[in-house]
Amino acid sequence: MAATASGSSFNLPVASLLLVLLLCLQSGGGQKKKENMLAEKVDQMMEWSSRRSVIRMNGDKFRRFVKAPPRNYSVIVMFTALQPQRQCSVCRQANEEYQVLANSWRYSSAFSNKLFFTVVDYDEGADVFQQLNMNSAPTFMHFPAKGKPKRADTFDLQRIGFASEQLAKWIADRTDVQIRVFRPPNYSGTIALALLVSLVGGLLYLRRNNLEFIYNKTGWAMAALCVVFAMTSGQMWNHIRGPPYAHKNPQNGQVSYIHGSSQAQFVAESHIILLLNAAITMGMVLLNEAATSKGDVGKRRIICLVGLGLVVFFFSFLLSIFRSKYHGYPYSFLIK
């Protein structure tokens, strides 16, 4: 009995030791498997990136290389709808800026396997859009190397715009990767300026014997009004921020030309505001003409009514847009 008990007590630590060794071997094998899987994923991403700066992904690739662990690299994903039948002009504009940014990273001296640029098209990965509850395009998201994406990992496209420089700042904030944007040379501005100077110079040369039109107050007033309309409608903001022309919902195809926030705008919105300001100004000019001219009273009355109608209607329209952007603004006039 004593010998049997002694043998059992001897076998217990041996069995425990064997169990610990087995667990260590399994853990080491699992770790080795993870390392091999990670190395395979990184090699595959680097191979794709060597072919094109932006890696196209479908649902399976997205789940394997972006969502599934292990992963020690960050991924920037543009969710978009580039197929012609989607008629998403904003998607094409955003894609051009995204390509510029991805090329700047791919061909920079700082390029590494710590950051990759990918794209998921709605027609190639609709299941991904459904998985992420995404109902608008384009959308930019950052998937960090560790953990799940946070709220700040979704780029605020509506407020900031999709210019490459703005995207680079956002990426630097989320990943600490600094990307210097290199744009291909664009000589269209220089050519347009040269043509304008040539046109003005040619006009002045042809009219060199009669330059009285330079002192035309009406002409200069019209030119000044054009500049004022452009600036007050937000054209400079568009130039700096590079917002989309409009926003189209890929789910229902509805197009929005007016941004719902006071912190951003669409290019189409600035065009609408420009036309409204021009119409109100035209109405004021007609009212002034009716009050100061010395023509027929009936004609002056008609001009006055037309001018008053332009001011009242288009100012009401302008006020309604202001009210829709500044939620809680209590005042309206004719149009709500």
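Eight residues, L193, L196, V197, V200, L203, L204, L211 and F213, make up a nonpolar patch on the surface of this predicted model.

The UniProt record, an unreviewed entry, carries the annotation "transmembrane region" for residues 187-206, 218-237, 272-290 and 302-322. Such annotations may be inferred rather than shown by experiment. What does the model show over residues 218-237? The chain there is 90% helix and 0% strand, with end C-alpha atoms 28 Å apart. For residues 272-290, the span is 100% helix and 0% strand, and its end C-alpha atoms lie 27 Å apart.

Helix α8 covers residues 217-232. Its length can be checked against its residue count: at 1.5 Å a residue, 16 residues should span 22 Å, and because the end C-alpha atoms are 22 Å apart, the two values agree. After α8 comes G234, which has a positive phi, near 100 degrees.

Another part of the chain to follow is the loop between β6 (255-256) and α10 (267-292), where H259 is found. Is H259 buried or exposed? Its relative accessible area is 9%, so H259 is buried, the limit being under 20%. Leaving aside residues up to four places away in sequence, H259 touches Q158, A264, Q265, F266, E269 and K325.

E269, one of these contacts of H259, belongs to helix α10. With a relative accessibility of 3%, E269 counts as buried. Under the same exclusion of residues up to four places away in sequence, E269 touches Y257, I258, H259, A264 and K325.

How far apart are A152 and M231 in sequence and in space? A152 and M231 are separated by 79 residues in sequence and by 32 Å in space, C-alpha to C-alpha.

Notes. Residues numbered from 1 in each chain as written. Predicted model: local features only at pLDDT ≥ 70, side-chain atom pairs only at ≥ 80, totals over all residues. Heavy atoms only, no water. Helix = DSSP H or I, 4+ residues; strand = E, 2+ residues; numbered from the N terminus. Expected span 1.5 Å × (residues − 1). Patch = residues over 30% accessible without salt bridge, like charges linked within 9 Å, V, L, I, M, F, W, Y side chains within 5 Å. Areas by Shrake-Rupley, 256 points an atom, 1.4 Å probe, with all protein chains shown as cover. Salt bridge = Lys/Arg side-chain N within 4 Å of Asp/Glu carboxyl O. Buried < 20%, exposed > 50% of the residue type's maximum accessible area, 1.4 Å probe, protein only. Contact = heavy atoms within 4.5 Å.
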